[in-house]
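Here is a short briefing on a ligand shell and a helix pair. Keep the sequence and the 3D view open as you read.

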Amino acid sequence: MTEATRPAAASFIKKSGPKRLWLDLGDLGDLVNPAGPHEQWQDHGLGLLRTILHQNGVMTDMFSTRQCVSWDEVRARMQAGQYDVLIMNVRSYTYPVAYRSAKIFKEVNPKGIVIAGGLHATVALDEMESVPEFDRIVQGPGEKNIVEIVSDPLSFPRVILGMGARSMEEWPMIDRTLWPKPASKKLAKKFNWPLEPECGWGPPKVATILTSRVCPWQCVFCNENSYIPNMGRRPVEMVIDELNYLDRVYGPLGSVVIHDSMFFQNPSWLEEWIEKYPRKARKAWPYWAAGRADTVRQWPHLFEALIKETNWMTVSIGFESGSDRVLKIINKECTEEDNYFAIDLLHKIADELEAQGRPAPVFWSNIMLGIPGETREDAIKTMRMVKYTRRIMPSISFYAPYPGSALGYQLIAEGKSLMSKENYHRFPDDEKVKGIDYQFYRDLLGGKYDDEVNRGLPEFARQRRSMFLDALAKA
Ligand code: B12
Ligand code: SF4
């Protein structure tokens, strides 16, 4: 940062101390009249860091762009608060909102300081450095030095290396009342704040929770372990204690969403979960959590026990593709065979449970279309796999080249990404990569190629729906 753009320390600190705003980021109106259920999830980064700040006496106000219906409202709320410091957790998909908010903040208070941390600062530093409104940019995690950074940002250089905990055991329990509230009466009725609303994965009230931080695999569209430092998993007992606390204080809980990128890893932790969750939790609430097809095949007994004994009722698997060619392109390290093994195993378990009069688990199945290098035949095979899966909530998206991931960086460098700071992702069928025939994919999801998709499928699968446009998710 040049001296010309560096605000003088004395000019920003009021006698009463600086007034700080933590701005929760998301699309306008998502906490008023949401476009969908997933835009209502709360931000654990914000929750964790505000909890740490407040426990250390560094107070912040907070509102959310999701609580506002226009940029004028965001401006008016910033004006009314007379803030000196703006703090944000910026992910690539919230970068456009962060960028615009920082500009408005500086228009309202040119002497104010903007501190922007979060994953986007780690994966796209150049992009953030080129925006003069970001006074301090924090890369990496922040739990160990957020208090110092926010207390005295000007004593740090413009780009700061955040410090994280070695284990999630060191994280305090999030004070969920520090999360934004739903901003309309209609939404408030079913939101269950400070818990979260139902989204079709399990009954309300819903608690989202994290037990692990990083997935060790290296799929080229994701590779989060190349930019999120590894850390110890939260001990099983701490997870259960937190859920029991939430149930007692804000409950009754109906279900849980375990937001880990990869829940189904670390067999010894999972074995302890199987032993303790059904016994020590006030109720073995059904939950949503993520796994991989190859490890389901590697540890089928563990998979079955988790479903039957701990109520892992919504099994999220990133199948991504039904074609070995594409699975290789994306370095998924899973094969078509692994995918079909996992699908058949879940069918078997679900049939058994249903025969006993118990609810059957379903797949939340992540599927990507439009990966560079994918042929029409590959995409048709993928839709064939989707139709074959009997108990499925498909979540299909057009591949999006996020910075941080190997394939994302490559396509950005080649000038093929269509994602920009004005529009990282807005609508599910936004076109994200140059040279992809999106019309073919829309036709495929619209059922135009159903005859080809049906080829070789058993009768039960042929009879299933051929239109999947409604399953297209934001990515
Ligand atoms: C839970 C989750 C979701 C949830 C909820 C999101 C939410 N509201 O929080 C849902 C399911 C909705 C979701 C959806 C999507 N997600 Co998501 N999601 C995650 C996940 C698994 C965990 C996020 C989390 O809570 N982390 C834990 C908290 C504590 O970490 P954190 O927020 O990063 O904060 C830490 C640091 O960044 C830092 N920090 C943050 N802010 C600040 C500020 C200051 C001042 C300082 C000092 C430090 C600091 O300190 C914090 C503590 O260490 C991450 C992967 C991951 N392991 O993080 C992906 C991830 C964030 N998602 C990602 C993506 C791409 C998406 C989607 C676009 C679709 C998709 N491909 O998955 C959608 C779009 C969402 C939308 N709202 O439009 C990417 C983002 C990539 C990027 N470059 O930003 C990630 C990294 C996964 C991946 N590898 O692809 N997601
Ligand atoms: S896509 Fe899934 S398995 Fe692959 S690296 Fe990301 S979280 Fe891990």
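How do the residues of the shell around ligand 1 divide into nonpolar, polar and charged? There are 19 nonpolar, 16 polar and seven charged residues in that shell. Bear in mind that this is a predicted model.

**The shell around ligand 1**
- Ligand 1 is surrounded by 42 residues.
- The closest are Gly-45, Asn-89, Gly-117, Pro-141 and Gly-142.
- Helix α2 (44–55) supplies at least two shell residues, as do β3 (85–89), β4 (113–117), α5 (119–123) and α7 (146–151).
- The top contributor is α2, which gives four residues.

**Placement between domains**
- Residues of the shell come from both domain 1 (3–161) and domain 2 (198–471), so ligand 1 lies between the two.

**The α10 and α12 pair**
- Helix α10 spans residues 267–280, and helix α12 spans residues 300–310.
- Their axes come within 10 Å and cross at roughly 20°.
- Because angles under 35 degrees count as roughly parallel, α10 is roughly parallel to α12.
- The crossing of α10 past α12 is left-handed.
- On the α10 side, the contact is made by Pro-267, Leu-270, Trp-273, Ile-274, Tyr-277 and Pro-278.
- On the α12 side, Leu-302, Ala-305, Leu-306, Glu-309 and Thr-310 take part.
- By class, the contact of α10 with α12 has nine nonpolar residues, one polar and one charged.

Note on methods:
Residues numbered from 1 in each chain as written. Chains lettered and ligands numbered in written order. Predicted model: local features only at pLDDT ≥ 70, side-chain atom pairs only at ≥ 80, totals over all residues. Near = placed C-beta within 6 Å. Nonpolar A, V, L, I, M, F, W, Y, C, P; charged D, E, K, R; others polar. Domains from an automatic or database assignment. Axes fitted to C-alpha atoms, helices over the stretch in contact; angles between N-to-C directions. Parallel < 35°, antiparallel > 145°, perpendicular 65-115°, else oblique. Left-handed = near helix turned anticlockwise from the far one by under 90°. Contact = placed C-beta atoms within 7 Å.
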